[in-house]
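This report looks at two residues and then at the chain to which they belong. Please keep the sequence and the structure in view while reading.

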Amino acid sequence: MILVLAFLRKTIRWAIAGGMPALATTLAAIALAAPAQAQPQNYYPGWAAPPGYSGPRPQRPVQPKRARETPATPAAPADGTELLKRGDSFAERGDFDRAIEQYDRAIKADAATTEAYYRRGLAYSRKNDHRRAIADFDEAIKLTPDDAASLNGRCWERAILDHLEQALEDCNAALKVKADDGNVLDSRAFTYLKLERYDEAIADYTAALALEPKVAGSLYGRGMAKLKKGDAAGSKADLAAARAIKADVARDFARYGIK
C-alpha cells in the first residue's frame with residue numbers, strides 16, 4: 001500500500017509539472033504513425049457495387065438509426081446531394097422503386113450528374129430493367145466519357161441482353177481507364193463466356209480472382225468456361241468453391257443464359 005501511495009504522489013507531481021500534455025502528444029504521434037487501414041481492391045459504398053458483382057461488398061460505417069425519411073416538402077426543398085442520399089437509403093433496403101423516385105428528383109433538381117445517372121442505372125439494373133439501365137449509363141457516359149464505373153455498368157447490361165460486341169467495347173474502354181478493376185475484368189470475362197471465347201474468359205476471371213479471391217460469380221463463370229473446354233476437374237473445383245460462397249449462384253447465371 002505504501003508503495004502504491006508513493007507511486008500516486010509521483011504521478012500527481014508529474015502531471016502538475018506538465019507531464020500530461022507530453023503524454024497526449026506522444027499518444028497522438030503513435031496514432032498518426034499507425035498504418036492506415038487499406039480499402040479492399042474493389043471498394044463500393046453500401047449497395048452500389050457495380051452490376052454483376054456478387055462478391056463481398058464493403059459497407060459504409062454503420063450509422064445510428066434515424067427516423068424514416070420522407071420526401072421533401074415544397075416548404076423545405078432538398079438539394080440534389082440530399083436526394084441522392086435518400087435514394088441510396090431506399091436502395092440499401094431493397095426498395096428500388098422509391099430509390100428511383102429520389103434519383104429522378106435529384107436529376108431534375110441540381111444533380112443531373114454522372115453519379116446521379118449512374119446510381120439510377122444501378123437501381124434499374126437491380127430491377128432487371130436492363131434497357132432503362134443502359135439508357136442511364138448512356139447519359140452518365142455522355143457527361144463523363146471516361147467514367148469506368150458507368151462503362152462497366154453498360155458493358156454488363158449489354159452482355160445480359162446479348163449485345164456482346166458492344167459490351168466488349170465498353171469493357172475494353174473501362175479497362176483502359178482502370179486496368180486493375182476486378183469488377184470490369186469480371187464483366188468482360190462474362191462477355192467472353194457468352195461469346196464462347198473460353199480461353200479469354202478464363203484469363204479474365206483468373207485476373208479478377210487474383211484481386212478478389214472469393215467472388216462467387218467469378219469462380220462460377222470460370223468453372224463454366226473450363227467445363228465448356230472439357231476441363232472437368234478444374235470446372236468441378238471452381239463450381240464447388242462458387243456454391244460454397246453463394247449457394248444459388250447457378251440460378252443467377254441460368255437467368256443470364258449460362259447453363
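In this predicted model, Asp-204 has a relative accessible area of 7%, and because buried means under 20% relative accessible area, Asp-204 is counted as buried. Asp-204 lies in helix α9, which covers residues 198-211, and when residues up to four places away in sequence are left aside, Asp-204 is in contact with Leu-185, Arg-188, Ala-189 and Tyr-192.

Phe-190 belongs to helix α8, which covers residues 182-194, and Phe-190 is likewise classed as buried because its relative accessibility is 0%. Leaving out residues up to four places away in sequence, the contacts of Phe-190 are Trp-156, Ala-159, Ile-160, Tyr-205, Phe-253, Tyr-256 and Ile-258. Between Phe-190 and Ala-167, which are separated by 23 residues in sequence, the C-alpha to C-alpha distance is 9.9 Å.

The two residues can be set side by side as follows.

| Residue | Helix | Relative accessibility |
|---|---|---|
| Asp-204 | α9 (residues 198-211) | 7% |
| Phe-190 | α8 (residues 182-194) | 0% |

Turning to the whole protein chain, its secondary structure amounts to 12 helices and 0 strands. Of its 259 residues, 44% count as buried, while the accessible surface of the protein chain is about 14,400 Å², with 58% of that area belonging to carbon and sulfur atoms. Where contacts in the protein chain link residues at least 6 apart in sequence, 52% of them join residues at least 24 apart.

Note on methods: Residues are numbered from 1 along each chain as its sequence is written. This is a predicted model: local features need pLDDT of at least 70, side-chain atom pairs count only at pLDDT 80 or more; totals for chains, interfaces and linings use all residues. Side-chain values use heavy atoms; hydrogens and water are left out. Helices (H or I, at least four residues) and strands (E, at least two) are DSSP runs, numbered from the N terminus. Buried means under 20% relative accessible area, exposed over 50%, partly exposed in between (1.4 Å probe, protein chains only). Contact means heavy atoms within 4.5 Å. Accessible areas come from the Shrake-Rupley method with a 1.4 Å probe; for residues, only the protein chains shown count as cover.
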